[in-house]
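I set out to look up a few local features of this structure. The entries follow in the order in which I made them.

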Amino acid sequence: MIKWVIIFGIIYLGILVALALISRSKVKSVDDFMMGGFNIGYFLGFMTFAATLFSTFTLLGMPDFFRNHGVGAWIFLAVSDGVMIFMVLWFGYHLRKKAKEKKFRGMAGLLTDCYGNKWAGYIYFIGIFLFLVPYVSIQIRGISIFLDASFNHALPPWGWATLILFIMILYSETGGLKAIMYSDVFQGILLMTVVWIIAYTCVDNLNGVEQMFAEVKSINPELLSIPGPKGLFSVQFLLVSMIAIVMIPVTQPQISSRIVIMKNQFSMNRMAVAVGCFALLVILPTVAIGMYGAVKYPDHSTPDFLSQVLLFDQPGIIAAATMIGLIAAAISTSDSQIFAMSGELRSLLKGDEKKVLKTTKIGMVVFAVAALIFSLISSNQLALLARLSFTGTGLMAPMIILAILSKKKIGMTMVWVSAAAILVFIGSLLGALPSDVMGLRMDLLLFISLGLITVLTVVFGGGEKQSEVKEA
């Protein structure tokens, strides 16, 4: 396997260097560097959207999630992702319409313009920093514990994490968003190929799908039903998870920015449908990998299970391709999100574009260091950490949707309410506030409350049309 890892690793680094240099040669302006020139076609948009959305946690987090919690994880992620595509189509149409009215530099800047108050952008930026840094960290943690176990502790986890982040920052700051998108194409194809090969091997080792589920049933029948052996998949958990995932295109800048930079509405619609198909195809094989782990390695730790099923139970060439694929996924997704956070920082800054870009690049390094620190202290429950990230950013969806849809001057009520909701959610995670109120999960209660307040704001908010305010 080591021989193939070296060969594939050299090829991968060569591809990264070539893509970075090609992308750098096409950068003629700050918008080219940060926004890909606002002219992204269907295929590139589809692959970069899919690769950003489905990443290291898909191959490292989801199999372990199925292994521990059962087939209810399919409802948790696959069904929710299917519903999310409808949100991409609906929200994408309105977001692109609003972005044409204003010079779009990022969601934080757009919110500042829509609310007429810089604190709207600041609250959004603080929110994505608080919840996207942990999401980046789980990509880094996932691959670092995997490499640590695979290479027999040749480097400590922080060493692997630092190396990956260094490559990522160097690549991103050289080629900009287009370079990230090109690497997403490579990562997406590799991820899809590898996950299906591993799933086939797992099913074959258990003598077929029917025999696989029969063995799972004999070992732990609760894995084949909800709420699962640990009672995780309650109705409230699944409902909150669906809301959080559906709101990803609204709240997470690495996704919303990709919607805006598509060259036209038709390309965006085709991209959304293709991502929906990709979601089902990439999540389905993780069920087989997880069920295989439930049969063969039910009591193994997460790192041991992953190294066994993804490396040691596979032919050497497949194991090597898996390792490079995971590294590519970690780099691709992490740099997309850190680059997006830097873009949001840029949208809040004013002044000379070259100076703003310099500050933006410094911001990338700061965000990467923050993700590195968090990766060292976070747990191995990658799928659950991802869900918390989706939920946290999802709390900002009502204030974003209100800003995008409203044709009136909007008050700051939703911004302050959203900020309060984030504080309450963090307090419940830390144990300072209860995790449920009268039998209702705190996160679900917050979503319901924010939805009702949004409706009341629309009905009773009043205000003048923005066009009338500008004329005055």
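In which helix does Asp 184 lie? I worked on a predicted model, in which local features need pLDDT of at least 70, side-chain atom pairs count only at pLDDT 80 or more, and totals for chains, interfaces and linings use all residues. Residues are numbered from 1 along each chain as its sequence is written, and side-chain values use heavy atoms, with hydrogens and water left out.

**Entry: Asp 184.** I placed Asp 184 in helix α8, residues 157-205 (helices are DSSP runs of H or I, at least four residues, numbered from the N terminus). Asp 184 counts as buried because its relative accessibility is 0% (buried means under 20% relative accessible area, with a 1.4 Å probe and protein chains only). Leaving aside neighbours within four places in sequence, I found Asp 184 in contact with Met 47, Thr 48, Ala 51, Thr 52, Arg 258, Ser 332 and Ser 336 (contact means heavy atoms within 4.5 Å).

**Entry: nonpolar core.** I looked up the largest nonpolar core, which has 164 residues; Tyr 115, Met 399 and Ile 400 touch the most other members. Helix α8 gives the most to this core, with 21 residues. Such a core is a set of buried Ala, Val, Leu, Ile, Met, Phe, Trp, Tyr and Cys residues joined through side-chain atoms within 4.5 Å.

**Entry: Tyr 115.** Beyond its neighbours within four places in sequence, Tyr 115 is in contact with residues including Met 399, Leu 402, Ile 410 and Val 415.

How values were computed: Helix = DSSP H or I, 4+ residues; strand = E, 2+ residues; numbered from the N terminus. Buried < 20%, exposed > 50% of the residue type's maximum accessible area, 1.4 Å probe, protein only.
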